[in-house]
Amino acid sequence: MNYRHAFHAGNFADVIKHIVLARILTYLQDKPAAFRVIDTHAGAGLYDLDSDEARRGGEWLTGIARLMQARLSNETVTLIKPYLDIVRAFNPKGELKAYPGSPLIARGLMRPQDRLVACELEPKARKALIDVLRRDEQARVVDLDGWVALPAFVPPKERRGLVLIDPPFEAKDEFETLGEAFSSAFAKWPTGIYVIWYPAKSRRATDALAQLVARAAVAAKPPGKCLRLEFSVAPQTDGAPLATTGLLIVNAPYTLQGELKTILPELEMPLGQGGAARFRLEVPRP
């Protein structure tokens, strides 16, 4: 899978991932102690929805554009407001022209005491990310392979925070690399929150990853818990664009599962393609 994010920015997978990211960071704000966000594959930071890449894919039209027009319950509106407020901040005239990636979603939910480390190896994406975070003393862009950075940057000195692992899945062995890198980092920092994104195209690969992550979580001292979320906008067929996005969330806030049970059913209609979407939310067996 070749995942150049400029083609996919603001799609349904971004919407699901960034809602989860925003809910976790909102939870972390409840305590005054500082937290750190480590983004292992940060990307360009901000995506122009009028660019050739975004126009060619047009995936944001069935993602963030539909969400912003959807009629939702007051409870769900309240829960996703921190996320949508950040998106609107980059579109002050009310038209969707830009979409913020994970580093800017995280930056929008940080307080003065919090910090962000964003790793990006691809030169053009790294330069773009540096440009959007320029002169930001709370954010650092690192020219380092995310797989190298992951075990190197944990545990952070704040001892609170979140690691977002969102690789491009360009290599055939990316699932194996992800599992090994997570296990290595988790052994060093078993109390951190980890959010792992994956494309759900192979059931065998995704089940194996979920089992590995869940096993590592329950074996930790103190034991952690893994939450698995998959959201499908259409049946996945060979050669078709990605239709199912997956997240593994380790040490999720105790509030998150209940919040997602409120939010996700209301996203099935607006994000579905050719019919209602569907989701699964479970604690995977180790």
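The model is predicted.

1. Glutamate 230, at 3% relative accessibility, counts as buried.

2. The pair formed by arginine 280 and glutamate 230 links distant parts of the chain, the two residues being 50 residues apart. Arginine 280 lies in strand 10 (residues 278-282), whereas glutamate 230 belongs to strand 8 (residues 226-232). Both residues are members of one network, joined through salt bridges that share partners, which also takes in Arg203, Asp207, Arg228 and Glu282.

3. The salt bridges in the model number 21. One of them connects aspartate 131 and lysine 127, at an N to O distance of 3.3 Å. These two residues are four positions apart in helix 6 (residues 123-132), so about one helical turn separates them. Aspartate 131 is partly exposed, at 35% relative accessibility, and lysine 127 is exposed, at 54%.

4. A further salt bridge joins arginine 111 to aspartate 114, whose closest N and O atoms are 2.9 Å apart. Both arginine 111 and aspartate 114 are buried. In general, side chains of opposite charge can pair when their charged atoms come close.

5. An open sheet of eight strands has the order 5-4-1-6-7-9-8-10, with mixed pairing. Its edges are strand 5 (139-142) and strand 10, each of which pairs on one side only. From one strand to the next, the twist averages 10 degrees.

6. Within the sheet, strand 1 (residues 36-39) pairs with strand 6 (residues 161-165) in the parallel sense, over four bridges. Arginine 36 stands opposite glycine 161 of strand 6. Helix 10 (residues 256-271) packs on the sheet and touches strand 8, strand 9 (244-250) and strand 10. The direction of helix 10 makes about 10 degrees with that of strand 8.

Conventions:
Residues are numbered from 1 along each chain as its sequence is written. This is a predicted model: local features need pLDDT of at least 70, side-chain atom pairs count only at pLDDT 80 or more; totals for chains, interfaces and linings use all residues. Side-chain values use heavy atoms; hydrogens and water are left out. A salt bridge is a side-chain nitrogen of Lys or Arg within 4 Å of a carboxyl oxygen of Asp or Glu. Buried means under 20% relative accessible area, exposed over 50%, partly exposed in between (1.4 Å probe, protein chains only). Two strands pair if DSSP finds at least two bridges between them. Axes are lines fitted to C-alpha atoms, for helices over the stretch in contact, and angles run from 0 to 180 degrees between N-to-C directions. Contact means heavy atoms within 4.5 Å.
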